[in-house]
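Trainee: I've just opened this one and I'd like to learn how to read it. Could we go through it together, one feature at a time?

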Amino acid sequence: MFRLLLAATALGAVLVGCAADEITAEPPVEPPADPATAEFEPRPPPIPRLTGAQYARSISAVFGDDIVVPPSPEPDVREGGLLAVGAGVSTLSPRGVENFERAAYAIAGQVLDTERRARHLPCDAAEVDRSCVEAFVAIHGRRLWRRPLTPDEVVAIADLANAAGETLGDAVGGLEFGLAALLQSPNFLFRREVGEPDPEDTSRRRFTDYEMASRLSFLLWNVTPDDALLDAAEAGELTTDAGLRAHAERMYADPRAREGVLRIFVEWLGLDDLDALNKDTAVFTAMSPEVGPAARAETIAVIEDLVFTRDADFRGFITARETFVDRKLAALYGVRAPARDGFARVELPPESGRRGFLGQVSFLALNSHPTSTSATLRGKFVREKLLCQIVPPPPSGVDTSIPEPSGTTRTLRERVAEHLTNPACKGCHVLTDNIGLAFETFDGLGVARTTDNGAPIDPTGDLDGLRFADADGLADLIAADPGFGFCVARHVFRYGTGTLDESDQETLVQTLADRFAADGHRFGGLLFDFILSPAFREAGAIEEGA
Amino acid sequence: MADILHRPRLSRRGFLRGVLGGAAVSIALPWLETLAGKQALAQGSFPTRFGLFFWGNGMRPDAWVPTGEGSGDAWQLSELLQPLAPVKDRISVVSGTALKVPNSIPHHAGTAGVLTGMPLWVKSHEDQTMNGPTIDQAIAAEIGGETRFRSLEVALYPNRHIISFNGPDNANPPETSPAALFERLFGPEFRAPGEESAVDPKLALRRSVLDAVAGDIDRFQRGLSVADRARLDQHLTGVRELERRIQRLEADPPQLDACSRPVAPDSEFEYVDGRPPLPEKSRVMTDLAVMALACDQSRVFSYQVNSPVQNLLLAGSDQGFHNLTHDEPEPQPQVRRIVTEIMAQYAYMVQRLSEVEEGDGSLLDHMALLATSDISYGRIHSLDEFPIVIAGSANGRLKTGVHYRSPFAENTSKVMLTLQRACGLNAGSWGAEGGYVEDGLGAIEA
């Protein structure tokens with residue numbers, strides 16, 4: 001077991017200083033351990049702030065889709081590329097507090113306007129008395145705060161609402177202030193999931209039933225829990241293996257899981273950046289404001305098909321020749337356009353060289369410059385995001401310039417030759433550029449090409465000693481690399497725990513990755529293994545400190 | 001390209017017309033200063049204000065450093081500083097200083113070094129944050145308490161790398177939309193001097209809700225870690241500030257001559273064909289920020305043109321700005337043009353501030369406006385020969401019209417300490433480790 005771990009650590013290796021020349025894979029060992037019983041030392045849990053999407057989706061879930069939620073009161077923060085991790089360190093600036101206050105009154109005003117109030121009041125609008133106010137606070141407070149309010153909490157907010165109602169001479173108008181208090185409270189804006197002693201082993205801490213409801217709901221639906229889940233928490237079902245699995249299965253089968261689970265991929269792959277894709281339209285004539293969002297939709301459609309529709313081997317994300325295109329992308333890829341508006345499944349011809357995610361505009365355009373490609377950015381993405389290796393930033397005080405195209409150096413490969421031979425640059429640039437140059441057959445937007453500045457493109461290279469002829473061949477090598485499966489597992493762990501895994505937690509991540517591989521790389525299986533593992537259910541003790 | 005060099009000096013009426021976007025509006029200006037405003041203002045003295053004008057990706061020292069030293073005609077503006085010619089006597093240039101912090105992550109180490117005086121906190125190769133407050137917030141903590149907004153953060157086209165921090169992972173996100181900035185500053189809550197005041201009873205109710213939220217925060221943070229309690233403390237600070245801000249709305253607005261309600265901007269200045277209309281947006285955002293100061297809505301602001309490493313494709317460029325700083329062949333005409341354009345926006349801001357009359361002088365006389373970047377020479381990510389320009393005399397505490405060239409690469413933190421003292425802070429030191437200083441830069445102190 002120990003030897004296996006060492007090998008695994010080498011695979012998910014940190015390429016410190018880019019000195020590693022070659023990484024060798026150990027043969028897999030079977031059968032894989034069950035993550036549910038894996039050795040795991042939990043860390044103190046983060047206290048995440050709701051992301052902009054979670055805030056808006058929770059309001060819609062509790063009060064209906066017709067409520068207009070003001071856009072992102074406070075920007076989200078990324079850590080390790082993930083909002084789910086950044087949420088655990090992000091704060092609220094004074095401007096954010098101000099924006100959340102404004103949003104709270106805008107929402108409360110809509111919830112209690114003359115059209116909608118009947119839907120949300122537990123009594124007749126003409127008879128809003130004290131008991132009605134308290135019931136209103138208790139019912140909506142439970143959804144928003146993801147737990148029942150204490151009697152004191154209900155009374156405090158009902159007092160506010162009553163006082164406001166008297167000042168204004170309008171009891172329903174007063175309720176708006178009570179609702180605004182619920183919405184601005186840290187009990188709504190921050191997720192306080194700190195655990196309790198596990199009754200079966202008081203030396204360990206587990207997340208409480210209500211905390212599990214919140215964790216499950218944000219992981220699978222990216223939204224505050226529904227009443228069914230809170231009822232299950234009240235009944236103590238979410239701290240049992242069977243209850244947890246049953247509710248996770250119910251939620252995973254629900255259409256809302258598509259939005260929630262797909263968020264993992266959006267954050268891992270940085271797809272949000274496609275909404276603001278910035279390209280020179282003079283250089284890239286196919287560029288238009290629709291391209292970025294269309295590319296994002298393509299990538300999401302491919303993953304949804306793989307994960308939810310077909311529950312297929314996730315390595316198909318890298319190797320599939322099938323994809324989904326709308327008319328814009330069909331023109332860009334040179335394939336037949338769908339007969340109707342929207343996206344349709346197409347088979348990309350093998351001679352196109354376009355294959356899997358690395359053949360999509362999402363990858364090719366995001367990891368390029370506004371007027372040109374970038375072998376370094378593309379190679380860095382493959383190393384860091386798909387294989388979970390680290391490529392350090394360039395040292396300071398170094399001239400990193402790439403020469404302009406000239407008569408003798410026309411292609412990017414010729415122009416970056418200095419980076420691949422100069423000892424100061426070579427260590428890292430060999431790692432990135434040898435991979436990135438394979439994608440030179442696609443321009444900075446992702447349109448196929450055969451020449452660069454008039455010279456033929458050489459897309460050959462090697463991935464840590466394994467030769468490939470072009471991007472098509474490289475896709476096979478990446479999909480076969482154990483680092484890819486490990487990297488998927490690591491991102492599920494990071495997203496689901498809201499923390500970056502530390503070295504001593506890599507055991508559990510590797511166990512998840514081993515099962516993922518043994519199970520045919522089915523993403524749903526990996527996700528369930530994670531949910532039932534201690535990483536999702538156990539809390540480390542919090543050191544309060546001074 | 002901004003035509004700042006040929007812009008005639010505007011009268012106050014002209015200034016207001018500019019803010020109003022050329023709309024034909026006649027404004028009754030209260031020509032006589034009434035003495036009903038803030039105490040400091042009523043006493044005929046004006047509070048010192050601080051502004052930070054920041055751009056990403058540096059400059060070229062060979063085209064930046066002025067020739068000659070000293071004051072008056074003893075020195076001449078460099079190529080990149082040419083747009084400042086109309087205001088040369090209102091600015092000081094400090095050249096030859098250096099950041100003394102480790103250049104751990106190119107660009108971001110420099111942002112931290114110049115704005116906090118401390119090394120960047122490198123958590124991992126992709127996650128870094130500041131170790132302490134940035135200079136705008138250090139100053140706001142002292143002088144920001146009396147106005148509606150403790151500080152204002154404005155940015156034109158930033159990416160995730162923003163510049164104003166209260167502490168680690170504790171950023172102040174900037175307003176980037178002209179409409180949102182206008183709404184926040186001059187929306188329905190704002191009352192211009194002399195406007196009818198009827199106190200809305202809802203203001204007091206909002207304060208009582210915030211008070212309840214503050215109680216929630218107190219209970220919520222019990223039992224949490226030190227780091228999480230600090231995050232909740234920041235939430236609490238924001239809530240308490242908002243309560244005070246509402247309280248101020250319940251009082252009468254200060255009677256300030258130059259303050260009037262501008263009209264809303266009519267464009268969001270979105271990208272056109274992949275290119276941001278930067279000068280146009282900058283002028284509109286500057287006009288709003290200057291009017292916010294003229295109305296004493298805030299005494300501290302930061303203004304971020306672009307972000308470090310950001311690759312904006314600017315007008316007339318064939319690559320993004322960051323790429324150009326590294327890859328454009330010598331003598332880098334595009335980089336020179338872009339930095340000159342950015343300095344033209346700085347010059348526009350200086351000019352606008354100098355046109356706001358306050359007492360016998362102008363708003364510019366009562367403030368310090370620092371212009372700086374994350375690095376000096378972009379091609380090699382240098383932290384030597386750091387770009388520093390300061391406009392305004394901070395109520396007579398700073399020299400203007402000076403070029404000071406450090407003879408021995410003094411610590412840039414000395415400039416930052418001087419600026420804090422000029423803004424009235426009783427600061428004994430600034431920065432940490434290599435960036436730590438206890439002495440200011442006497443050469444620019446009046």
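**A walk through chains A and B**

Mentor: Let's begin with a pair of residues: A:Glu196 has A:Arg206, in strand 2 of chain A, as its bridge partner. Strands here are DSSP runs of E, at least two residues long, while helices are runs of H or I with at least four, and both are numbered from the N terminus. Keep in mind that the model is predicted: local features need pLDDT of at least 70, side-chain atom pairs count only at pLDDT 80 or more, and totals for chains, interfaces and linings use all residues. Residues are numbered from 1 along each chain as its sequence is written, and chains are lettered from A, with ligands numbered from 1, in the order in which they are written.

Trainee: How many bridges join strand 1 of chain A to strand 2 of chain A, and do they run parallel or antiparallel?

Mentor: The general idea is that strands of a sheet pair through backbone hydrogen bonds, either parallel or antiparallel. Two strands count as paired if DSSP finds at least two bridges between them. In this case strand 1 (residues 196–198) and strand 2 (residues 201–206) of chain A are antiparallel, with 3 bridges. With 2 residues between them, these two strands of chain A make a hairpin.

Trainee: And which domains is chain A divided into?

Mentor: Domain bounds come from an automatic or database domain assignment. For chain A they give domain 1 (52–189) and domain 2 (196–264). The centres of these two domains of chain A, taken over C-alpha atoms, are 23 Å apart.

Trainee: How many residues of domain 1 of chain A are in contact with domain 2 of chain A?

Mentor: A contact means that the C-beta atoms of two residues, placed from the backbone, lie within 7 Å. By that rule, 11 residues of domain 1 of chain A touch 10 residues of domain 2 of chain A. On the domain 1 side, helix 2 (52–63) and helix 6 (130–145) of chain A each supply at least two residues. Helix 2 of chain A has the largest share of that side, 6 residues.

Trainee: What about chain B, which domains does its assignment give?

Mentor: Domain 1 of chain B is written in two pieces, 4–193 + 258–444, and domain 2 of chain B is 198–251. Their centres, over C-alpha atoms, are separated by 30 Å. Each of these domains of chain B gives 5 residues to the contact.

Trainee: How many residues does each chain bring to the contact between A and B?

Mentor: Chain A brings 57 residues and chain B brings 51. Among helices of chain A, helix 4 (94–111), helix 7 (151–168), helix 8 (171–184) and helix 9 (186–189) each give two or more residues to that side. Helix 4 of chain A gives the most, with 6 residues.

Trainee: Now the sheet in chain B. What is the order of its strands?

Mentor: Chain B has 12 helices and 16 strands. Its open sheet of 8 strands runs 3-16-5-15-14-1-11-8, with mixed pairing. Strand 3 (70–71) and strand 8 (152–155) of chain B are the edges, each pairing on one side only. Strand 3 of chain B is antiparallel to strand 16 (residues 402–405) of chain B, through 2 bridges. One bridge links B:Ser71 to B:Val402. Helix 11 of chain B packs on this sheet, touching strand 1 (49–55), strand 5 (91–95), strand 14 (367–373) and strand 15 (388–391) of chain B, and its direction makes about 175° with that of strand 14 of chain B. Such angles run from 0 to 180 degrees between N-to-C directions, along lines fitted to C-alpha atoms, for helices over the stretch in contact.

Trainee: Is B:Val114 buried or exposed, and why?

Mentor: A residue is buried if 20 or more other C-beta atoms, placed from the backbone, lie within 10 Å of its own, exposed if 12 or fewer, and partly exposed in between. B:Val114 is buried because it has 29 C-beta neighbours inside 10 Å. B:Val114 sits in helix 4 (residues 108–116) of chain B. Setting aside neighbours within four places in sequence, B:Val114 is in contact with B:Leu99, B:Thr372, B:Phe386 and B:Thr412. Across chain B, 57% of the 446 residues are buried.
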